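Please examine the sequence and the structure shown below. The explanation that follows should be read with both in view.

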Amino acid sequence: MSDQPLTSQRHATRAFSDRSVNHTTLRTIIKEAQAAPSWENTQPWKAYLATGQVAKHLRQSHLERNRQGQKSWTEVMPLKKDQWAAFPQANLDAWRQNMLAFYGDDAPKFAAVQRDLFNAPVLAYLTMPKDSSAYSAYDLGAFGYGILLAAQNHGLGGVPAYELVRYPEEIHQAFDIPDDQVIFMGLALGYPADSKLNQLRTTRRPLDDILTIAD
Ligand SMILES: Cc1cc2nc3c(=O)[nH]c(=O)nc-3n(C[C@H](O)[C@H](O)[C@H](O)COP(=O)(O)O)c2cc1C
């Protein structure tokens with residue numbers, strides 16, 4: 001048992017053991033994450049989980065699309081590299097430098113595990129209604145973070161990954177997702193493997209860079 005707060009124990013897990021995650025555990029994790037707050041309790045989120053053969057098929061399909069160099073797009077588009085505001089851009093640059101310095105010659109492995117979706121036994125896709133405002137995106141993020149913390153609490157690891165949603169058609173083939181839903185984010189989940197891929201640690205800005213208290 002760690003005496004660190006759960007929020008400090010969690011970090012991105014990008015390599016998973018072969019151990020499968022039973023559906024009872026997954027249902028418990030999602031149920032716990034449902035406690036997330038949302039605008040007037042609107043709970044705009046839905047979760048679609050792939051395990052077993054469905055997850056295997058999605059990983060293979062993703063790898064194949066990557067091999068073919070298939071152009072990706074997502075149902076919610078991120079900003080392009082030069083469009084970020086200076087503050088997040090500086091953090092992004094620092095993250096990249098830290099990641100490259102930590103992995104050194106192993107840096108290509110970091111890119112490689114993205115292509116087969118981290119070989120994760122559980123792939124979770126989070127959707128919200130297409131006509132949502134940014135407030136629902138806020139709610140969905142809280143739900144996703146809740147999933148990661150609940151997973152941590154049950155001995156699992158995970159990573160939220162844009163990579164998972166780069167080819168929405170493969171997700172639509174796996175699930176019957178209604179047309180009025182947008183696939184927003186994906187999370188890879190499972191039991192962590194003993195791997196350097198899981199040893200990358202990230203820092204946060206000094207508290208006073210982001211916090212203002214007026215008294
Ligand atoms: C919206 C979002 C998208 C992300 N996409 C990816 C991704 O595609 N691949 C990846 O390896 N990590 C991805 N991450 C994980 C971040 O890199 C990671 O959370 C961040 O560097 C902080 O590290 P930590 O989670 O270990 O604290 C994503 C995280 C978020 C919140």
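The model is a predicted one. Around its ligand stand 16 residues, among which Ala12, Arg14, Gln114, Pro160 and Arg204 come nearest. Two elements, helix α5 (107-115) and strand β3 (157-160), each supply at least two residues of the shell.

Particular atoms of the protein can next be paired with nitrogen atoms of the ligand. In the side chain of Gln114, an N or O atom is 2.8 Å from a nitrogen atom of the ligand. Pro160 contributes through its backbone, where an N or O atom lies 2.9 Å from a ligand nitrogen. A polar backbone atom of Tyr162 is likewise found 3.0 Å from a nitrogen atom of the ligand. Taken alone, the ligand exposes 630 Å², of which the protein buries 69%.

Attention may now turn to the helices. Two packed helices are described by the angle between their axes and the distance between the axes. Helix α2 (residues 23-33) packs with helix α6 (residues 134-153) at an angle of about 135°, and their axes are 8 Å apart. Because of this angle, α2 is oblique to α6. The crossing of α2 and α6 is right-handed.

Notes: Residues are numbered from 1 along each chain as its sequence is written. This is a predicted model: local features need pLDDT of at least 70, side-chain atom pairs count only at pLDDT 80 or more; totals for chains, interfaces and linings use all residues. Side-chain values use heavy atoms; hydrogens and water are left out. A residue is near a molecule or strand if one of its heavy atoms lies within 4 Å of it. A polar contact is a pair of N or O atoms within 3.5 Å; within protein, one must be able to donate a hydrogen and the other to accept it, and residues adjacent in sequence count only if both atoms are side-chain atoms. Accessible areas come from the Shrake-Rupley method with a 1.4 Å probe; for residues, only the protein chains shown count as cover. Helices (H or I, at least four residues) and strands (E, at least two) are DSSP runs, numbered from the N terminus. Axes are lines fitted to C-alpha atoms, for helices over the stretch in contact, and angles run from 0 to 180 degrees between N-to-C directions. Angles under 35 degrees count as roughly parallel, over 145 as roughly antiparallel, 65 to 115 as roughly perpendicular and the rest as oblique. A crossing is left-handed if the near helix is turned anticlockwise from the far one by less than a right angle, and right-handed if clockwise.
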